[in-house]
Amino acid sequence: DGTLLDHLMLVYGSGLGEPNLHEPYDLPTLLLGGGCGRIKGGRHLRLPAEQMMPMSTLYVTLLDYAGVPIETFSDSTGKIAALSV
């Protein structure tokens, strides 16, 4: 039940936070969709500097929500608990 937006997980963003320096930190990323009720929406998240993590951590989290449980991917550091409902 629900709309397409309630069920999808769409990631859109840039691979560089500071393009002039080619830094892969502080990336602007947009996550759309509710992930079948697994993602709480309608908010802006900015993790503290000590909790900054690689994009692969977001991918591990989203794969888990999609039913593909993996422990690590590339340089992931676990899962992002702040996304869940």
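Biologist: Which residues does S56 touch, not counting residues up to four places away in sequence?

Modeller: This is a predicted model, in which local features need pLDDT of at least 70 and side-chain atom pairs count only at pLDDT 80 or more, whereas totals for chains, interfaces and linings use all residues. Residues are numbered from 1 along each chain as its sequence is written, and side-chain values use heavy atoms, with hydrogens and water left out. Taking contact as heavy atoms within 4.5 Å, and setting aside residues up to four places away in sequence, S56 touches F73, S74, D75 and S76.

Biologist: Is S56 buried or exposed?

Modeller: S56 has its place in helix 2, residues 55–65, where a helix is a DSSP run of H or I of at least four residues and a strand one of E of at least two, numbered from the N terminus. Buried means under 20% relative accessible area, exposed over 50% and partly exposed in between, with a 1.4 Å probe and protein chains only. At a relative accessible area of 6%, S56 is therefore buried.

Biologist: Which residues make up the largest nonpolar core?

Modeller: In soluble globular proteins, nonpolar side chains tend to be buried together. A nonpolar core is a set of buried Ala, Val, Leu, Ile, Met, Phe, Trp, Tyr and Cys residues joined through side-chain atoms within 4.5 Å. Here the largest has six residues, namely I39, L58, L62, Y65, I80 and L83.

Biologist: What pattern does the protein chain follow along the sequence?

Modeller: The protein chain has two helices and two strands. Read along the sequence, their pattern is α-β-β-α.
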